[in-house]
Amino acid sequence: MKLLSKKTLLINGSPKGERSLTFRVANAFAEGLSSKDGSETECIHVSQLNVKPCTGCLSCWGRTESICVIKDDSIPMVRDKILSADTIIMAFPIYFFGMPGTLKTVIDRLLGIFCTFRGQELDNIKAGRHALRSPREGQRLAVIASCGFSESAEAFYPIKVQYDLCIGEDKYARFCCPQLKALAQAGSGQRFEKILSLSRQAGEQFAVGQIDPGLVETLEKPVLSQKTYRMLMEKFWQDEKGAE
Ligand SMILES: Cc1cc2nc3c(=O)[nH]c(=O)nc-3n(C[C@H](O)[C@H](O)[C@H](O)COP(=O)(O)O)c2cc1C
């Protein structure tokens, strides 16, 4: 009897779809993961979905037992794929210290698959306040973000707090790569390839346990000096102006 392979769902929240740098980093992570656990990866590009915003009716937490009343868009498909995945990778660029609005709209619409709030105590950050209602056994989550700035810890901080509060501080893996735009811009792209290779390595480690904190630190460390970074960004904006 052929064993079914594990499923990895990569949700790409960048409006740039496959051109997204964060997506490329997350894809390398998925490759590393798959090389160790044999999982098949399916990608959902949020930019290709048709998603109506949550109306705030809360029916999915009451009357309709986890099902959203809006049924004529992409959310039922996304919901099914999330519930049947062994690993979920959420990839997105930082926008205004948060996630892109289109991805947030998707998450809001998935309220029904998370536990109903019944006045539980909110004093334990490790617990998570919006855990999945019926989690698939062994299901794991990795959050992979990128930002334009050099200071990834600051840029990622509000997202980290958001996920800690929702999922629980130790219940997901995460990293945020800084300077990606400038890095991809920088000459031969060798430095960006290095990030991809580190992310592949992180995926391999995640498949068999936790990502080594030292590797996360390397992934989150700015590669370019602040001087080179400024010079590249300056050139980028000048070229953009020239292209008008
Ligand atoms: C609307 C918008 C807001 C942004 N806000 C931030 C920000 O607050 N902090 C930051 O470091 N980068 C910010 N960026 C830069 C992106 O996070 C960065 O370029 C990212 O690496 C792009 O990833 P992508 O190629 O996957 O879309 C912003 C970009 C856009 C378009």
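Select helix H1: 12 of its 17 residues are buried, so H1 is largely enclosed by the rest of the structure. A residue is buried if 20 or more other C-beta atoms lie within 10 Å of its own, exposed if 12 or fewer, and partly exposed in between, with C-beta atoms placed from the backbone. This is a predicted model, in which local features need pLDDT of at least 70, side-chain atom pairs count only at pLDDT 80 or more, and totals for chains, interfaces and linings use all residues. Residues are numbered from 1 along each chain as its sequence is written.

**Stop 1: H1, residues 21-37.** Helices (H or I, at least four residues) and strands (E, at least two) are DSSP runs, numbered from the N terminus. Among the buried residues of H1 are Leu21, Phe23, Arg24, Asn27 and Leu33. H1 reaches 24 Å from its first C-alpha to its last, close to the 24 Å expected at 1.5 Å a residue; the expected span is 1.5 Å times one less than the number of residues. Step past the end of H1 to Gly38, which follows the helix and has a positive phi, near 70 degrees.

**Stop 2: the ligand.** Show the ligand and the 18 residues that surround it; the closest are Ser20, Thr22, Pro93, Cys147 and Gly148. A residue is near a molecule if its C-beta atom, placed from the backbone, lies within 6 Å of it. Which helix gives the most to this shell? H1 does, with three residues. Helix H5 (180-185), like H1, supplies at least two residues of the shell. Coloured by class, the shell divides into 11 nonpolar, five polar and two charged residues. Here Ala, Val, Leu, Ile, Met, Phe, Trp, Tyr, Cys and Pro count as nonpolar, Asp, Glu, Lys and Arg as charged, and the others, Gly among them, as polar.

Stop 3: The axes of H1 and H6 come within 6 Å and cross at roughly 40 degrees. That makes H1 oblique to H6. Axes are lines fitted to C-alpha atoms, for helices over the stretch in contact, and angles run from 0 to 180 degrees between N-to-C directions. Angles under 35 degrees count as roughly parallel, over 145 as roughly antiparallel, 65 to 115 as roughly perpendicular and the rest as oblique. H1 passes H6 in a right-handed crossing.

The axes of H6 (residues 190-208) and H7 (residues 213-220) come within 10 Å and cross at roughly 155 degrees. That makes H6 roughly antiparallel to H7. The crossing of H6 past H7 is left-handed. A crossing is left-handed if the near helix is turned anticlockwise from the far one by less than a right angle, and right-handed if clockwise.

Within H6, pick Val208. With 9 C-beta neighbours inside 10 Å, Val208 counts as exposed. The C-alpha atoms of Val208 and Ile107 are separated by 28 Å, and the two residues are 101 apart along the chain.

**Stop 4: the loop between E2 and H2.** Go to Leu58, in the loop between strand E2 (40-45) and helix H2 (75-84). Leu58 has a positive phi of about 65 degrees although it is not a glycine, and is partly exposed, with 14 other C-beta atoms within 10 Å. Glu65 is found in the loop between E2 and H2 as well. Its phi is positive too, about 45 degrees, and Glu65 is not a glycine. Is Glu65 buried or exposed? Glu65 is exposed, with 11 other C-beta atoms within 10 Å.

**Stop 5: strand E4.** Finish at Leu141, in strand E4 (residues 140-146). Leu141 counts as partly exposed, with 17 C-beta neighbours inside 10 Å. Draw a C-alpha to C-alpha distance from Leu141 to Leu9: the two are 132 residues apart in sequence and 9.7 Å apart in space.
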